[in-house]
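I opened the model today to look up a few local features and some totals for the chain. My entries follow in the order in which I checked them.

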Amino acid sequence: MAIIIFLTIVSFFNEVTAQSPRKLIREANQLIEVGFYPDAVKILAPLVQEENPEAMLLTGFSLLANDEELSATIDILEKAAALYPLKKNTSNQALEAHFYLGQAYRLDGQAKKACEKFNQIKKHSENPEFIADVEQEVTYCENYLKLKEHPVDKKIEHLGEIVNSPYEDHSPIVLYDESTIYFTSTRPIDSLNMEGPFFENIFVSHWRNQQWTKPKVLEIPGYQGTNRATVGLTPDGQGLIFFENYGMVGLLFITYKTFEGWTEPEQLPAPINSGFNETHASFTPDGNTIFFSSERPGGLGGKDIYSSKKLPDGTWGKPINAGEAINTSLNEESPFIHPDGKTLYFSSTGHNSMGGYDVFKSTLNENEEWGTPINIGYPINTPTDDLFYLPTPNGQRVYYSSQQEKGMGQSDLFILHFPSSNERSMAVVSSHIFNSNNQPAEDAVISVKNLNTNQTIGTFRTNPQTGKFVVIIPTAQEYQLTIKNEGHKEYSKTFNLNAKDDYKSVNRAIYLPAITLESAPENE
């Protein structure tokens, strides 16, 4: 009797074992579909030890999709590709195994090896969409090899352990005088909940005593446990644009700094938000034009960059596609219009990208047309995605995020330092404005006019807590500063900026003497 029971148990477990591989692979596929790659890898581990071809392929794909260590990813994909050899009647799994292996080679900087792999794959498929993907990968590899021949002269500075964390830290935006940095992080927002995964949240750090303060989560009202990510600032630095996702759709919001704190966020109005994904935005220095990226229909393909101008009644005009000079049939993202008002930085998977998103710049010519985008070069751009490029006013430094060996785990925040030959003739001008009670003039409105061109540069507001305002303007010009504040006399002053007043790494801003407004007579 005991023998019969034993045989029955053995038979049962043999049957379960025989069914397990298909069940495990089915569960792994379900996890991969929703982006739970580490869980899929864990489930497939027993089958990988048995060198199950499909499990090894799915594991390699999961490691690649989750930006895991490339050496381990390449190792398992090489084994999977060996188990799925390319032949006359090649299966989809074989094509996928070799395609993902080629991608892993490219991401690892092995461009020649990747090119060889992709050219090999192309001979074994007649699917036009697949062939187009393969040819795009070949183009990435060829661009990488060309750009690597002329590396950009730069120095990389890690922002340090005070600012960075073992989690994802990305999308830095910085006030013009570099006194404050806002960024996005997946770190926990309190010490009571230290187990991930965490939503993206916005953090802030200030430059004090020659170092950054410990970042704190930015207390923006209306948080509902969704992802929030930094996007940009209004020209005066008092308004913060951020991205928040609702299900499959992402929207752009804006909140303003007041004496009591940040205001309740408002959606950027139509036609900027459209009901489709809007992900990044940047204002011109005068605040009257906004550049943004959108997936709305009618573009040239994928995400495109658009611009919209503010109308006299305060609403925004119909968005204009930036055109074929900027947009491609692939994706364009993260536009940043430089304070000079004519240089647009953006990321694209098209043009001569070396893989995924690369950062490009284009300059507006005398005919108000965008010039041919220029890849900003290797090693700033890499075979992985490179987004959110935020140069200082003279372009001498750039705040950005990157995954590097000397980082703290995932993506960290860095500063690129360029040689002084990259300086531009721009100056950051700052001052403090106080009301007649010697308190910060939180309602003051500042306008700056270029007397050489007779054009108003823009309208700005003070920081309500400190009375500070910051503007960025060309050097070697004469300006008129006008301040209006209800209950006070209008204040006006002219000042000159010399060519030597441009933005330097040591003296980062030019500070005008503090201004105290006079009360207006009661009959005024």
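Entry 1. I looked up Asn 52 and found it in the loop between α2 (37–49) and α3 (53–65); helices here are DSSP runs of H or I with at least four residues, strands are runs of E with at least two, and both are numbered from the N terminus. The model is predicted, so local features need pLDDT of at least 70 and side-chain atom pairs count only at pLDDT 80 or more, while totals for chains, interfaces and linings use all residues. Residues are numbered from 1 along each chain as its sequence is written, and side-chain values use heavy atoms, with hydrogens and water left out.

Is Asn 52 buried or exposed? Asn 52 is buried, because its relative accessible area is 18% (buried is under 20%, exposed over 50%, partly exposed in between; 1.4 Å probe, protein chains only). Leaving aside neighbours within four places in sequence, I list Pro 21, Ile 25 and Leu 47 as its contacts (heavy atoms within 4.5 Å). Pro 21 and Asn 52 are 31 residues apart in sequence, and their C-alpha atoms are 8.6 Å apart.

Entry 2. Next I took helix α6, residues 111–122. Its twelve residues should span 16 Å at 1.5 Å a residue, and its end C-alpha atoms are 16 Å apart, so the two agree (the expected span is 1.5 Å times one less than the number of residues). Which residues of α6 are buried? They are Ala 111, Ala 114, Cys 115, Lys 117, Phe 118 and Ile 121. They cover an arc of only 165 degrees around the axis, so they sit on the same side of α6 (the arc is taken from the directions from the helix axis to the C-beta atoms). Their cover includes α5 (92–107) and α7 (128–148). On the face turned away from the buried side I noted the exposed residues Lys 112 and Glu 116.

Entry 3. I then looked up Ile 189, in the loop between β3 (180–185) and β4 (201–208). Ile 189 is partly exposed, because its relative accessible area is 44%.

Entry 4. Last, I noted the totals. The protein chain has seven helices and 30 strands. Of its 524 residues, 49% count as buried. Its C-alpha atoms fill a box of roughly 110 × 55 × 45 Å along the principal axes. Among contacts with a separation of 6 or more, 54% join residues 24 or more positions apart.
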